[in-house]
Amino acid sequence: MAHEPRIVAFLCDGCAYQAADRAGQAKLAYPQSLLTVRVMCTGRVEPAFVLQAFREGADGVLVAGCHPGDCRYVDGNLRAAARHALLARALEQAGIEPARLRIAWASGNEAARFAALVTEMTEALRALGPLDYRARALDEVEEAIRLAPHRLDGIEAPVPAPSATRPKVAFYWNASCGGCEEAVMDLGEGLAGLLQRVDVVLWPVALDHKRADVEALPDGSIDVAFVNGAVRLTEQDAWAQLLRRKARIVVAFGACAHLGGVVGLGNLSERQELLDAAYRAPASVSNPEGPLPGEPVQVGGHDLSLPVLLSRALPLADAVEVDYTLPGCPPSPPLIEDALAKLLGVGPLPPRGAVLAPSASLCETCPRVGSRPEVLEISALRRLATTALDPERCFLAQGLVCLGPGTRQGCQPGCVEAGMPCRGCFGPLDGVRDAGAAMLSAFASLLAGGEPERTRLAEELVDPAGTFWRYSFAAGLLPRRPRPDGKERA
């Protein structure tokens, strides 16, 4: 039996929903594999709703509302159009065909228009075939870690218990730039005081502990393990598993461990594409036999191999159970000191799963907050490299992309104090499922003008995935891009 495309349709109550209702009353023929979600306005349809619909099995998503100029909420449909323009391009970057997300207008008396719209979209989706979004976005986590030959199964997080001696602390570095290690060094005199209070049992960047030393420790004997970086290699997964077994408390340290970080943008490409780009394609690489990391090679009579690159980068919490998160690229020294005091002090621990940074918008503490207009609109986009900035005026009011409204506090002094817009490295506030989707929605809602003007402004932002999901792509609802040839992943 041929696959019948499943479409989730978000229909505004005043127009498109009425058109669908009248199409039914008039017994107009159109495909019935349509799940309608009645909303007060298309402006209420968040990008996360669309992504969740795909995640739950939709092959396509339709957002339909009043014609521009007819919205009872003035410009709700125009905000929806701007979000659509940005989200559709982000989805295309992730390999989802533009035809799978559509925005359209239909007034309450345009039943025939609505029926034709659904029929046309269904035919387009039928030609594309099933999306299989769930397998790409969710099952890949299991697929990625199945590549790890040293995975330790059945590990349970040890129950926290007070240490009878000096606390034991571990620091480990996975797939990241090393900035989190620098942040620890930036504690300055605080670091000297820390080293007098604790025993550091692992810190590869500074001390010569070996894996065997950690393996010899009793399970649960490390009080706190700070693990920075995403999990991208089999070796990193094995270390994450080992530290989870040995530590009472595991902290996802920094943006890459928290949300995947910039490393997570590698999920926009297949594993083989990344390896080819690094080891085979560049003209400066001499690799005539083409071996890749993870493949055994013989050198001087010895069998050698390097860790295997996983099929995707994982936030630490996708590899092991994480007790606390210390966000940021990198976390600020005051936050690190505060986290150490809370986790190694004598008082009660924070609630398990807490992000150890204020759940409040960065905008509230921005030194430019007083210059933000009461009604903020963006009529032209500007770039730092080509714009003479007002050093005291709100970045958004000047047409720059700033993610401060959707980013949690804790970086100060950070980018905004240095004259740079926020890039979102501290992640979203509590309760936000997808940081990139929330930030895209907030920014698109600020674009000014009619539908053509807002769509044009949205299209000027050339890299929506890399802009709004810069630090959170690996943890977001967007799936990674499939191979162009459709071959099964290794």
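**Salt bridges, buried polar residues and overall form**

In this predicted model, the side chains of Arg245 and Asp219 come together in a salt bridge, with a distance of 3.4 Å from N to O. Arg245 belongs to helix α9, which covers residues 234-246, whereas Asp219 is found in the loop between α8 (211-215) and β7 (222-228), so the pair ties together parts that are 26 residues apart in sequence. Both partners fall between the limits for buried and exposed residues, because buried means under 20% relative accessible area and exposed means over 50%: Arg245 is partly exposed at 28% relative accessibility, and Asp219 is partly exposed at 48%.

Side chains of opposite charge can pair when their charged atoms come close. The count of salt bridges in the model comes to 22, and two further examples can be set beside the pair already described. Arg456 and Glu460 meet through their side chains in a salt bridge of 2.8 Å, taken from N to O. These two residues, Arg456 and Glu460, are four residues apart in helix α15 (residues 451-460), and they are therefore separated by about one helical turn. Arg456 has a relative accessibility of 40% and counts as partly exposed, while Glu460, with a relative accessible area of 38%, is also partly exposed. Elsewhere, salt bridges that share partners join Arg244, Glu321, Asp323 and Arg352 into one network. A salt bridge is also formed by Arg113 with Glu110, for which the closest N and O atoms are 4.0 Å apart. In this pair, Arg113 is partly exposed with a relative accessible area of 42%, and Glu110 is partly exposed with a value of 23%.

Arg312 is placed in strand β12, which comprises residues 309-314, and it counts as buried because its relative accessibility is 6%, which lies under the cut-off of 20%. A polar atom of the Arg312 side chain lies 2.7 Å from the backbone oxygen of Ala474.

The side chain of Gln409 reaches the backbone oxygen of Ser361 at a distance of 2.9 Å. When neighbours within four places in sequence are left aside, the residues in contact with Gln409 are Ala357, Pro358, Ala360, Ser361, Leu362, Glu364, Thr365 and Phe426.

With regard to the protein as a whole, the model contains 16 helices and 13 strands. The radius of gyration is 25 Å, close to the 23 Å given by the globule rule for 490 residues, so the protein is as compact as a globular protein of that length. Taken along the principal axes, the box filled by the C-alpha atoms is roughly 75 × 60 × 50 Å. Of the 490 residues in the protein, 50% are buried, and the protein exposes about 22200 Å², of which carbon and sulfur atoms supply 54%. Among contacts between residues at least 6 apart in sequence, 79% join residues that are at least 24 apart.

Terms used. Residues numbered from 1 in each chain as written. Predicted model: local features only at pLDDT ≥ 70, side-chain atom pairs only at ≥ 80, totals over all residues. Heavy atoms only, no water. Buried < 20%, exposed > 50% of the residue type's maximum accessible area, 1.4 Å probe, protein only. Polar contact = N/O pair within 3.5 Å; in protein donor to acceptor, adjacent residues only side chain to side chain. Contact = heavy atoms within 4.5 Å. Rg over C-alpha atoms; globule rule 2.2 N^0.38 Å. Areas by Shrake-Rupley, 256 points an atom, 1.4 Å probe, with all protein chains shown as cover.
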